[in-house]
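Keep the 3D view open and click along as we go.

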Amino acid sequence: MDRYHGQPEPDPDPYGSDPDPYGSDPDPVGPAPADPADPAGPAEPEPGGAGAGAGGWVAPGSTSSTAAAPEPGPGAAPAPGAAPWSPPGAGTVPGATHGDPPGGHAYPGHPHPEHAGPPAAQGPTFTEGPHAYGGQPRSWWGETPGEPVPGFGAESARQLSPRSMVVGPINQLKSLLLPVLAGLVIGGFNPWLLTATGMGVIALLVGGLVTWKTFRYEVGEDRIEIRKGLIRRSRRTIPLERVRGVDVTSTLLHRMLGVAVVRIEAAAGSVGDTEDGKLDAVSTQEAERLRRVLLHRKAVLTEKEAGEAEATPEAPGGEGENGVPAAAHTPLDADVADDTVTHFTMPRSWYLYGALSLGYLLTPFVVLATLFGMVQQSAGQLATDYFVDWVTSTDRAFLMVFGTAAVGVLVLLMPVFAVASYALTHWGFSLKERDGSLVAERGLFTRRSVTLEKRRIRGYELLDSPLERTRGAVGLRAIVTGLGDAATRAVLLPVGPRSRVEPVLDRALALFRAPLTRHPRAALYRRLTRAVLPFAVVAAAAAALDITWLVVTAAVLALLGVPLGIDRYRSLGHGYDGEHVSVRSGSLSRSQATVERSAVIGWTWTQTLFQRRSRLADLQVTVGAGTGGYTAQDAALDESVAFAARITPEMVRPFLAQPEDEPRPSGQRASSRGPSTRDPGGQGENGPGHRE
């Protein structure tokens, strides 16, 4: 039974004698005739559709003067076997059960209108103008490319670029190329293997064709909808106000074909490595248009939510002409005003800084390990047996010379590989700002553009290494809430001179402008002990066992631990400039994290047995972004408590012990009786969060 009207539900089988155009088939192609034997008529109109907005359902045999419906479109005719449509106020039409015009349902793509939600969730209803819909059913998989398809939003459903039929199969073949070639070589190019390989390639091409024919996406007034699949169909709707970023990526293959991949990241979206919304591949012009439109629409919706209480007819998000929200008039296909501000464009001289990065200096060894793994995966035991036979049958002296020369060549090539890898990764780096977001674009072969909302950026990190500090170089990375793959996506500036990085940082975000507090001398002793003592113990044990080479190695490492410990101590510090909290630590990989005061959600003090004797503690600033917390190591306990109380007094002071002569908030003085008078928060005498 129909739960809304008390009528028998129509047969859900769309292929039986009683078709239901809005039943189990979620995407009917073309309007279906109404069954005169069905007393309930076609499925009830979707909330917010033409029928609902014009008075809703009309019971058979009743008269409704409010069931006004839009005029039927030109050429519209009643379905065979159905009663003719009646204009408003014409009385009861025999057999008519709905107020829908004969042009069809307002939202024919919805499989279950009763679950469509309130009318406000469906977006505005257009009955005239260039974005009118409702007079023609919408098809997602059967339309001719290039023909407009009526949809729920302000633009028609669109397809991927036809060149996606080539991109998809090639991307899948890349992972299968080496195993296929190895199988053909080992199998002696057997005809059966060649036939199977050819059939596999054909299957991939057919899959690319099916993907292109069945993939549709559509931008609405407040959401983007993506549909795909032939046998197993899926539909994903992403509200625009939940969009966190729009990334555009182009590999070498994409750039050769003039297409790009658009990835839409949404809040509380996918889990793991799956994308919330991925369009692979669209033309480069369409990718740029989508990014501009989605970010602009999100900015408009965000301003509307922020100023809804004080909205005026002229304000963004208020009511525009004819009572339609101003957001609805934003042109999606037309040019959106470009308010892009370029903060930084990387000069060519910066590529030399790649030779100072430890990560890029290890590139030759990483490449060698990758090649070895590929050979091992493709050839397997054959490659291993060949290498073992070559080593066992070759002269030992030649092997020693060959190994030494190979290591020397790799060491000499380390700076060259470092600069080349740095250039490939950050080629043409630029940092821009548009629609309240920072856009970082980089890459030579694989061009990547990452968008970060400024309201989600809660701070930044300045990263450097000992080699980079010798040239005053530093890298910049954002601290963002809910960002995956932050090591690459959060990069705001690659490694470059601090004198150039800090002004860009000050323009794009805000520079920390206070000195850092030095940590006590006891922190230096702890760092020297941890850097030197373990190797000194090993050297002493090796001397007792008369192992000369181990004694020399451990002694050298112990001596190197002295400057390392001193540098680690000098790197320690924390500070507050009234708006930002900054924490610095590390030596081989030093990081200075700076976060907004409003981003601090808690403090954590931890102490080891040795830290208690020195009155030191590790103070962690807990934030809801980045790694979740940043630690000031070996800070003075009393000073760290006062530091936290100065930044967030409402969070820390209620847990601090108060002097006996200091009046309580109630006006009473603290009593000397009972432990609670000294520690109201129950945290012990060493401050809040102190762990014994």
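Start on the surface, where Val-367, Leu-371, Met-374, Val-409, Leu-413, Val-416 and Phe-417 make up a nonpolar patch with about 550 Å² of accessible area together. Patches here are built from residues with over 30% relative accessible area and no salt bridge, joining like charges within 9 Å and nonpolar side chains (Val, Leu, Ile, Met, Phe, Trp, Tyr) within 5 Å. Accessible areas come from the Shrake-Rupley method with a 1.4 Å probe, and for residues only the protein chains shown count as cover. Helix H7 (363-379) and H9 each supply at least two residues of the patch, and H9 gives the most, with four. Met-374 sits in helix H7 and is partly exposed, at a relative accessible area of 36%. (Buried is under 20% relative accessible area, exposed is over 50%, and partly exposed is in between, with a 1.4 Å probe and protein chains only.)

A word on what you're looking at: this is a predicted model, where local features need pLDDT of at least 70 and side-chain atom pairs count only at pLDDT 80 or more, while totals for chains, interfaces and linings use all residues. Residues are numbered from 1 along each chain as its sequence is written, and side-chain values use heavy atoms, with hydrogens and water left out.

Zooming out, the protein has 17 helices and 19 strands; these are DSSP runs numbered from the N terminus, helices being H or I with at least four residues and strands being E with at least two. Of its 692 residues, 40% count as buried.

Now for the rings. The whole structure holds nine aromatic pairs, meaning rings of Phe, Tyr and Trp (its six-membered ring) with centres within 6.5 Å; planes under 30 degrees apart are stacked, over 60 edge-to-face, and the rest tilted. Phe-344 and Trp-350 form a tilted pair, 4.9 Å centre to centre with 45° between the planes, and both residues are buried. What about Tyr-351 and Trp-427? Their ring centres are 5.2 Å apart and their planes at 0°, so that pair is stacked. Tyr-351 lies in the loop between strand E7 (341-345) and helix H6 (358-361), and Trp-427 in the loop between helix H9 (396-426) and strand E8 (430-434), so the pair ties together parts 76 residues apart in sequence. Tyr-351 is buried at 7% relative accessibility, while Trp-427 is partly exposed at 30%. Ring pairs also link Phe-344, Trp-350, Tyr-353 and Phe-429 into a cluster.

On to charges. Side chains of opposite charge can pair when their charged atoms come close. Count a salt bridge whenever a side-chain nitrogen of Lys or Arg is within 4 Å of a carboxyl oxygen of Asp or Glu, and you get 25. In one of them, Asp-247 meets Arg-489, with the closest N and O atoms 2.9 Å apart. Asp-247 is in strand E4 (residues 243-250) and Arg-489 in helix H11 (residues 486-489), so this pair ties together parts 242 residues apart in sequence. Both Asp-247 and Arg-489 are buried.

Glu-288 is partly exposed at 28% relative accessibility, whereas Arg-291 is buried at 4%.
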